[in-house]
Amino acid sequence: MKFLIINGPNLNLLGKREPGIYGQNSYESLCERLKAFAAAHGATADCVQSNHEGAIIDAIHGAEGVYDAIIMNPGAYTHYSIAILDALKAVEVPCIEVHLSNIHQREEFRHKSVTAPACVGQICGLGLYGYEAAMGYFLEQS
Ligand code: DQA
């Protein structure tokens, strides 16, 4: 399986950004870990991060016919990007939404995901493991 891992705004600052919420691991170490997990399961994982909504939409469009599944943490776009919702609906590639933190234990504005309805499922609150859990789900389905 070929996975595309998309991380949205501010996730490039993992490790520095609110470590009490998002943990001590850097974005680079997240990507290394996910690539190693994929390789250990006979799969590949490409990682993309952007702070720009349009670049995330382009990455989703570009996944069609190239990747088997998307695993995406849209960051704050989760809570208001109808454009990312529409992009997910426009492609055939299945997506699981992942959040490092438990968005339901946080501010009320984080409880709602506008992008999750276009996803197979949503995983939150499990830290980095959530991305591996999402890959594990797709691997089991394949
Ligand atoms: C997040 C949760 C979002 O509410 C927040 O805006 C983020 C990160 C998470 O991984 O827990 O940027 O998606």
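In the predicted model, a polar side-chain atom of Ser101 lies 2.6 Å from an oxygen atom of the ligand, a polar contact being a pair of N or O atoms within 3.5 Å. Taken alone, the ligand exposes 320 Å², of which the protein buries 99%; accessible areas come from the Shrake-Rupley method with a 1.4 Å probe. For His79, a polar side-chain atom is placed 2.7 Å from an oxygen atom of the ligand, and for Arg17 the corresponding distance is 2.9 Å.

Residues are numbered from 1 along each chain as its sequence is written. Local features need pLDDT of at least 70, side-chain atom pairs count only at pLDDT 80 or more, totals for chains, interfaces and linings use all residues, and side-chain values use heavy atoms, with hydrogens and water left out.

The shell around the ligand (residues with a heavy atom within 4 Å of it) includes Tyr22, Asn73, His99, Leu100 and Ile103. By class, this shell divides into four nonpolar, five polar and three charged residues. Ala, Val, Leu, Ile, Met, Phe, Trp, Tyr, Cys and Pro count as nonpolar, Asp, Glu, Lys and Arg as charged, and the others, Gly among them, as polar.

The ligand sits in the largest pocket, in that more than half of its atoms lie within 2 Å of the grid points. A pocket is an open set of points on a 1 Å grid over the protein atoms alone, where a 1.4 Å probe fits, with protein on both sides within 12 Å along at least five of seven lines; lining residues have an atom within 4 Å of a point. The volume of the largest pocket is about 170 Å³, this being the space filled by probe spheres set on the points. Its lining comprises 16 residues, with Arg17, Tyr22, Gly75, Ala76 and Arg110 nearest the centre.

Conventions. A polar contact is a pair of N or O atoms within 3.5 Å; within protein, one must be able to donate a hydrogen and the other to accept it, and residues adjacent in sequence count only if both atoms are side-chain atoms.
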